[in-house]
Every structure is written in structure tokens, then in C-alpha cells.
Amino acid sequence: MNIFQYLHFVALSLRYPSRRDYLRGGIGILERYHRCRSFWDRHLRLSSDFIQAVVKAQRPNRICILGAGRLLDVPILTLSSSAKEVTLIDCDPGALASWRAARKTLRARGTALTFGLFDITGRIDDWTAQLLALSARC
């Protein structure tokens, strides 16, 4: 980590003190990505291929990516070729810079990009229960 990255980490840690562990995790992923690039390249390619296949098969107008992170494995341009709205969710405040850059790129392509810092840990079970209760009433 260079001095600028460290200062950015400190600034984000002060702004989002309850999310320091996510910030450290995001930095750890980036460090492993740079250190072990040959191993990560396959993972990134497969993740991107999977997302592209889903987009091609479904042709959604709106896409939401939970755990979008710093967009290392998210083919953002592919998403913009299909969807008119893309939403990115993660808890790592370090992802904001990547998301803001992606917003500019997508805006030029006619796709709206929104994003939010949310911790969704443990929420899937709650959401599933709510959906099951709703479907039982139908």
C-alpha cells in the first residue's frame, strides 16, 4: 500500500468507522489481486463470463449486484449494453471511487447507475421468509 492509498484508507476509516473491517477486506482483496494476478485472472474471467451469460439470456432492463465491491469482476460495460438501470450494493466504502467512475462511463452510454453502502449480512433469510409469507397469501 502506498502513502496515497494509506491516506485514503485513513480518511475512509474516519468517515465510516463502523465499516473499517469491510474497508480492510476490500484492500486485502486488491492486494491479493495485485500479488497473485495469474490466479485471479481466471476467477475474474469466469465471474465476468457468468454475468455476461446471465445478461445475454435474460436481457434485463434493471440489474442489481449485491457484493459489487470495487468492480474487479463485474463487466460494467456489458451490463450497460443491456440494462437501462444498474444498482450496485456493497459495504466497503472503498468501492465508492470505482462506482463513481463507472457512473460517468454508464451515463455516457445511456444507463443510470445508482449505488449504496449497505451491510446485507444475514438479510437473505429474512427476505426469503418475507417472500414465502407473501406467496402464501397469493
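**Exercise 1. Work out whether Trp 99 is buried or exposed.**

Solution. Trp 99 has 0% relative accessibility, so it counts as buried (buried means under 20% relative accessible area, exposed over 50%, partly exposed in between, with a 1.4 Å probe and protein chains only). A word on the numbers: this is a predicted model, where local features need pLDDT of at least 70, side-chain atom pairs count only at pLDDT 80 or more, and totals for chains, interfaces and linings use all residues. Residues are numbered from 1 along each chain as its sequence is written, and side-chain values use heavy atoms, leaving out hydrogens and water.

**Exercise 2. Find the aromatic pairs and say how the rings of each one are arranged.**

Solution. Start with the search: the whole structure gives two aromatic pairs (ring centres of Phe, Tyr and Trp, the last by its six-membered ring, within 6.5 Å; planes under 30 degrees apart are stacked, over 60 edge-to-face, the rest tilted).

Step 1: Tyr 33 and Trp 40 have ring centres 6.3 Å apart and planes at 85°, so this pair is edge-to-face. Tyr 33 is buried at 11% relative accessible area, and Trp 40 counts as buried at 19%.

Step 2: for Trp 99 and Phe 115, the centres are 5.3 Å apart and the planes sit at 50°, so call this pair tilted. Trp 99 belongs to helix α5 (residues 96–108) and Phe 115 to strand β3 (residues 112–117), so the pair ties together parts 16 residues apart in sequence (helices are DSSP runs of H or I, at least four residues, and strands runs of E, at least two, numbered from the N terminus). Phe 115 is partly exposed, at 22%.
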